[in-house]
Amino acid sequence: MSEFLQQLINGVTLGCVYALIALGYTMVYGILRLINFAHGDVYMLGAFFGLYAARWLGAQTHPNPASALAVLLIAMAGCGLVGLIIERAAYKPVRQSSRLAALITAIGVSLLLENGGRLVFGADPKFFPQIIPATNIALGGGVTISNQQLIILGVSIALMIVLRVIVLYTRVGKAMRAVSHNHTAAAMMGISVDRIISVTFVFGSMLAAAAGVLVALENPKIEPYMGILPGLKAFVAAVLGGIGNIPGAVLGGLVMGIAEVLVVGYVSPTYRDAIAFVLLIVILLVRPAGILGRQTAEKV
Amino acid sequence: MRQLLIAALVLGVLLGLDVLLPHFLNPYLMRVLMLCGISVILAVSLNLINGFTGQFSIGHAGFMAIGAYGSAMFSLEIGMGWVKAMEASGAPPAVAEGAALLIALLIGGLLAAIAGYLVGLPSLRLRGDYLAIVTLGFGEIIRVIITNVDAVGAARGLPGIPAWANFFWVGLWVVIMVVVAARIAHSTHGRALFAIRDDEVAAEALGVDTTRYKVLAFVIGSFFAGIAGGLFAHYNAYLHPNSFTFLKSIEVIAMVVLGGLGSITGSILAAILLTVLPEALRSAQELRMVLYSLMLIILMITRPGGLLGSRELDLGRLFRRRSPERA
């Protein structure tokens, strides 16, 4: 039992990270119907920005919560800017073209970030500094949780709450919801659609950056291709929950993280990358629009 | 009669080129040429699914992997023995190897087609992006399974596959692929596929059996992807699961979209371009993939409909003074 609880804690932690990345996918999809394949690479950039920020701040030599927070915020700001540039330079010109053209552009951007990252950061893995030294907290019954896991849980839940408040209770959030329903109608209501789309990319990229820094805390080996697989899995998580649906992305991320950790713990670690997709196919066959997605009738 | 003559002519030209080309091209250029041929088969076969039928499949590398590993295992376990037996009984090596290769390829293609049937089935329920993700997941599952099955070399890769695929065989399958695709495009079945792509609901209302045609497109497309995989296996003589990642599927999609959805000649052009481009950029080394991705983005921004759109490249048009309609 205690082993299962331990796995569950690890699974929820991993799931929170997937959820943070999945939110970016689902928000962009909700607004543009675009699978932003470059999103996983923005997550990678987040980890690298965090690394450079930590070095610049000297956060490793004097670990304290303030500098760790600064590292997180710098990485988020950096990735928000990158998200803005990607949207303006690459996605905006193809917005009126076919969705496939936009998708190939997204793939191009993804390859560009990976290979550009390889060029700038080097191909060999870097080690993320220990900006918060690890300690384990016993929860009784042989179950432990590390302070890093606690931080991952706390920060991701906080960010999700902030996002929910923004989307539900602010003017920007209201505009985002309007644009995701109908671009033309939103524009006629005086909403600057271009600006809202940019804002969505910035929010999504910031969440991905936070996920990158949080993962690097626990798992400090970072390299330019680290975003591919988590990106894919987070996307699958978004689809699992019902793509375009914000609570769905969080639920999908959690399901995915827990399933993955349980497979590693009880089946075989070598199948950890397959479970995500098996789960996806099974769920989509039962609920073709995802767990929380609404099945829309096709109108002619 | 005329068709037989053309077929004989094609075979003759391919055989002639197979003998002549190695004298003119160095081994590196031969390799690029062979990879171009394999890419063309992959791109045109995916075009059947994505371009003709409008079903968004992003797991083509999975079908290719099934064909590659299926045919390679056949050759390693059975085919090589057959070739020895045939050579012992006096058959020329080229004939014996060709026969064994043909059977290996067909087995690989059939296995991939069966997989295509199984993947095509969910397309009855799923549409658009959801289908795309299922095909993506399928491709990844295949790769993870290959990485974990020891009998096919697992993560070590599968060495020692007989290198039977020469220019003749790759060229022959390119011709078969293009002819099959062109014949489909100009047939009733092709019209049905286009109708599904343009408007599935309207096609169904007009009596097109959309389910059957969508699955059919998947089966034919994956069969040829399997053939391409088999050719790759028997050309490269070594397989590794990392050759069949998500990135490989993406490469093939890029070829189809860049060439223009539904355009066979476009797929051929883009397949050659996207195979040659990274090789041509090899001198730029580190910058190679950066330039490649930049070009992909710029091409999509400047020509979002693909190089040729849905038109076909018609060489004859260049020579005709006036279009026949006006004359």
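The contact between the two chains takes 35 residues from chain A and 29 residues from chain B. The model is predicted. On the side of chain A that touches chain B, α4(A) gives the largest share, twelve residues. Chain A itself has eleven helices and four strands, and 52% of its 300 residues count as buried.

**Side of chain A that touches chain B**

- The elements of chain A that give two or more residues to this side are α4, α9 (228-241) and α11 (272-286).
- Sorted by class, the side of chain A that touches chain B has 26 nonpolar, seven polar and two charged residues.

**Overall form of chain A**

- The radius of gyration of chain A is 19 Å, which agrees with the value near 19 Å that a compact globule of 300 residues would have.
- Along the principal axes, the C-alpha atoms of chain A fill a box of roughly 60 × 45 × 35 Å.
- Counting contacts in chain A between residues at least 6 apart in sequence, 76% join residues at least 24 apart.

**Helices α1 and α8 of chain A**

- Helix α1 (residues 2-32) and helix α8 (residues 193-218) of chain A have axes that come within 8 Å and cross at roughly 165°.
- Because angles over 145 degrees count as roughly antiparallel, α1(A) and α8(A) are roughly antiparallel to each other.
- The crossing in which α1(A) passes α8(A) is left-handed.
- On the α1(A) side, the residues that meet α8(A) include A:Val17, A:Leu20, A:Gly24, A:Met27 and A:Ile31.
- On the α8(A) side, the residues met include A:Ile197, A:Thr200, A:Phe201, A:Gly204, A:Ala208 and A:Val215.
- The contact of α1(A) with α8(A) is made up of 17 nonpolar and four polar residues, with no charged ones.

**Helices α5 and α6 of chain A**

- Helix α5 (residues 147-169) of chain A packs against helix α6 (residues 171-181) of chain A at an angle of about 75°, and their axes are 5 Å apart.
- That angle makes α5(A) roughly perpendicular to α6(A), since the range for this description is 65 to 115 degrees.
- From α5(A), the contact is made by A:Ile166, A:Val167, A:Leu168 and A:Tyr169, and from α6(A) by A:Val172, A:Gly173, A:Met176 and A:Arg177.
- By class, the residues in the contact of α5(A) with α6(A) are six nonpolar, one polar and one charged.

**Residue A:Ala106**

- A:Ala106 lies in helix α4 (residues 99-121) of chain A, the helix that gives twelve residues to the side of chain A that touches chain B.
- A:Ala106 has 23 other C-beta atoms within 10 Å and is therefore buried, as the cut-off is 20 or more.
- Leaving aside residues up to four places away in sequence, A:Ala106 touches A:Leu34, A:Ile35, A:Asn36, A:Phe37 and A:Ala38.
- Of these contacts, A:Ala38 is 68 residues from A:Ala106 in sequence, and their C-alpha atoms are 5.8 Å apart in space.

**Residue A:Gly141**

- A:Gly141 is in the loop between β2 (136-138) and β3 (144-146) of chain A.
- With 10 other C-beta atoms within 10 Å, A:Gly141 is exposed, because 12 or fewer is the limit for that class.
- A:Gly141 and A:Leu5 are separated by 136 residues in sequence and by 9.5 Å in space, C-alpha to C-alpha.

Notes
Residues numbered from 1 in each chain as written. Chains lettered and ligands numbered in written order. Predicted model: local features only at pLDDT ≥ 70, side-chain atom pairs only at ≥ 80, totals over all residues. Rg over C-alpha atoms; globule rule 2.2 N^0.38 Å. Contact = placed C-beta atoms within 7 Å. Axes fitted to C-alpha atoms, helices over the stretch in contact; angles between N-to-C directions. Parallel < 35°, antiparallel > 145°, perpendicular 65-115°, else oblique. Nonpolar A, V, L, I, M, F, W, Y, C, P; charged D, E, K, R; others polar. Left-handed = near helix turned anticlockwise from the far one by under 90°.
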